[in-house]
Amino acid sequence: MRTPFTAMCLLAFTQFAMAQNTSPDTHADVLTIRISEDGVCHFLDASTPCNQLGQHLLTKHLAQNGHVHIVVDRSSKYELVVATLESLDRTGFKVGFVNYEASSSQ
């Protein structure tokens, strides 16, 4: 009786430990959006003006409680990021920022 219980506890601990090391990028509910300098947001296999992104995502029936990561082209203007965030906020999406480039100045 003690051996099966010990094995079950060990298995549960292993599964918990493996889940702790999972990268956030591996979750299926993360939508990555790229903001280009021309004011267009690109995601999945679609694109839309950034100021209309939230409404467009709703028409695609994407979950509002999913996570959205935004990647911004270097030449994009700050106003495009603001328009994107406002559009997502108006429609209730969560937003997370991911910086893939390490800072070279220290």
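Student: Let's start with helix α3. Which residues of α3 are buried?

Tutor: Keep in mind that this is a predicted model. "Buried" here means under 20% relative accessible area, and "exposed" means over 50%. In α3, the buried ones are L80, V81, T84, S87 and L88.

Student: Where do those buried residues fall, seen down the axis of α3?

Tutor: They sit within an arc of 130°, so they line one face of the helix. Over on the other side, Y78, E79, D89 and R90 are exposed.

Student: How many residues does α3 have, and how far does it reach?

Tutor: Helix α3 covers residues 78-90, which is 13 residues. From first C-alpha to last it reaches 18 Å, close to the 18 Å expected at 1.5 Å a residue. Just after α3 comes G92, with a positive phi of about 85°.

Student: Now the strands. In which sense do β1 and β4 pair, parallel or antiparallel?

Tutor: A general idea first: in a regular strand, side chains alternate between the two faces of the sheet. As for this pair, β1 (residues 30-35) and β4 (residues 67-72) are parallel, with 6 bridges. For one of the partners, look at I33, which is bridged to I70 in β4.

Student: And how many bridges join β1 to β2?

Tutor: There are 3, and these two strands run antiparallel, with β2 spanning residues 40-43. I35 stands opposite C41 of β2. The hairpin of β1 and β2 has 4 residues between the strands, and G39 in that hairpin takes a positive phi near 85°.

Student: Which residues other than glycine have a positive phi?

Tutor: Two to look at are L44, with phi near 45°, and H61, at about 60°. You'll find L44 in the loop between β2 and β3, while H61 is in the loop between α2 and β4.

Student: Is L44 buried or exposed? And what about H61?

Tutor: Compare each value with that 50% cut-off. L44 has 66% relative accessibility, so it counts as exposed. H61 is exposed as well, with a relative accessible area of 71%.

Key:
Residues are numbered from 1 along each chain as its sequence is written. This is a predicted model: local features need pLDDT of at least 70, side-chain atom pairs count only at pLDDT 80 or more; totals for chains, interfaces and linings use all residues. Side-chain values use heavy atoms; hydrogens and water are left out. The expected span of a helix is 1.5 Å times one less than its number of residues. Buried means under 20% relative accessible area, exposed over 50%, partly exposed in between (1.4 Å probe, protein chains only). The arc is that of the directions from the helix axis to the C-beta atoms. Two strands pair if DSSP finds at least two bridges between them.
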